[in-house]
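Open the model in your viewer and keep the selection tool at hand. This tour goes stop by stop.

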Amino acid sequence: MAESLLRPLSPYLIASWIIVGLLLFLLFPLHLISVLLSALFVYELVIMLSSLLHIPRINDKRAKLIVIAVLAAIIVTVLGLFIWWAMFQMQTYAADVPLLLRKMAEALEMARARLPGWALERFPANIDELYKGVLDMLREHGGMLQTAGKGVGIALVHIIIGMVLGAIISLTNVTSTASQRPLAAALQERTRRLSDAFHSVVFAQLRISAINTVLTAVYLVVVLPLLGVHLPFAATMVAITFLAGLLPVIGNIISNTVIFVVSLSVSFYVAAGSLVYLVVIHKLEYFLNARIVGSQIQAQIWELLGAMLFMEAAFGVPGLIAAPIYYAYVKRELSDSGLV
């Protein structure tokens, strides 16, 4: 029975797997993962918007090509302006990050006086050691921070190139010929499935992160001030919540930890209230991850988390970001081939 479920694997299919797998692996040592992600993002946006605007129904091939080209140009321009605005905003929030880390260290140092002995053993002896430990952790995972610093120009060029490539690839749906040779057809199918995996993970995670950020912002900016509590760096923590929320599961833990520790700097009652509220949000995000991301790629949360931990250990922060997409793509390939 199991043998009947296995589908014949053509040499062209195997060759396309090897080629695509090698390319996906080389993106990390060549530092080109941003090109892939930006290209896929623009490609998916063009496909989605063209479908909403009923562009595929246009019969004239040349007219359809012109309309899609204009749509792709508008998307690339808007995204470029958004990136410029985001970089400007990041410069504002980046100045708060060291102060936020110092505030977290001070809050934990204050909490040491009221913690039981077994918990004290897990804390550094003083605030300077704690602050140094946080900075060492950031340096250990500093590839992305370096890119955001002196290498920001190269990163932006890669992103722009990726967006242009995504726009160009979106035009192939109109200009490509019906007949293709076997290996070319197999490679195109791999590209389509990788794009589907990207769409399933990234757009679903964007919705989850947006919901989580709105709920967190309501708590930090509306609920607490109405109760007479004003947490420091509230806007920065909202920004961290959105950016960290783009990572399934682990992103929510990162943002929740930051908010809880900063709440400790005000009082234990505020910290307890924050913990209760964040636990509720965490449960909601866990449910959304299971329903939205998990159902999209037919994967359990533990599978995604395992893939993220492995990819982070192998490739650092870029691997952590790409892990859900890569895992969704690999699982789709294996499932459709009857191997899993």
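**Before you start.** This is a predicted model, in which local features need pLDDT of at least 70, side-chain atom pairs count only at pLDDT 80 or more, and totals for chains, interfaces and linings use all residues. Residues are numbered from 1 along each chain as its sequence is written, and side-chain values use heavy atoms, leaving out hydrogens and water.

**Whole chain.** Show the cartoon. The chain has 15 helices and 0 strands. Both are DSSP runs, numbered from the N terminus: helices are H or I with at least four residues, strands are E with at least two. Of the 340 residues, 36% are buried, meaning under 20% relative accessible area with a 1.4 Å probe, protein chains only. Among contacts with a separation of 6 or more, 76% join residues 24 or more positions apart. Contact means heavy atoms within 4.5 Å.

**Stop 1: α14 and α15.** Select residues 301–315 for α14 and 317–336 for α15. Their axes lie 7 Å apart, at an angle of about 130°. Axes are lines fitted to C-alpha atoms, for helices over the stretch in contact; angles run from 0 to 180 degrees between N-to-C directions. The two helices are therefore oblique to each other. Oblique is what remains after under 35 degrees (roughly parallel), over 145 (roughly antiparallel) and 65 to 115 (roughly perpendicular). Now show side chains. The contact includes L304, M308 and F315 of α14 and L320, Y327 and K331 of α15.

**Stop 2: α10 and α15.** Among the contact residues are R190, R193 and F198 of α10, with Y329, R332 and E333 of α15.

**Stop 3: S209.** Stay on α10 and pick S209, which lies in this helix. Is S209 buried or exposed? It is buried, with a relative accessible area of 0%. Select T241, F242, G245 and L246 next: S209 is in contact with them, leaving aside its neighbours within four places in sequence.

**Stop 4: α12.** Finish on residues 250–264, helix α12. At 1.5 Å a residue, its 15 residues should span 21 Å, and its end C-alpha atoms are 21 Å apart, which agrees. The expected span is 1.5 Å times one less than the number of residues. Colour the buried residues of α12, including N252, I259 and L264.

Terms used: Buried < 20%, exposed > 50% of the residue type's maximum accessible area, 1.4 Å probe, protein only.
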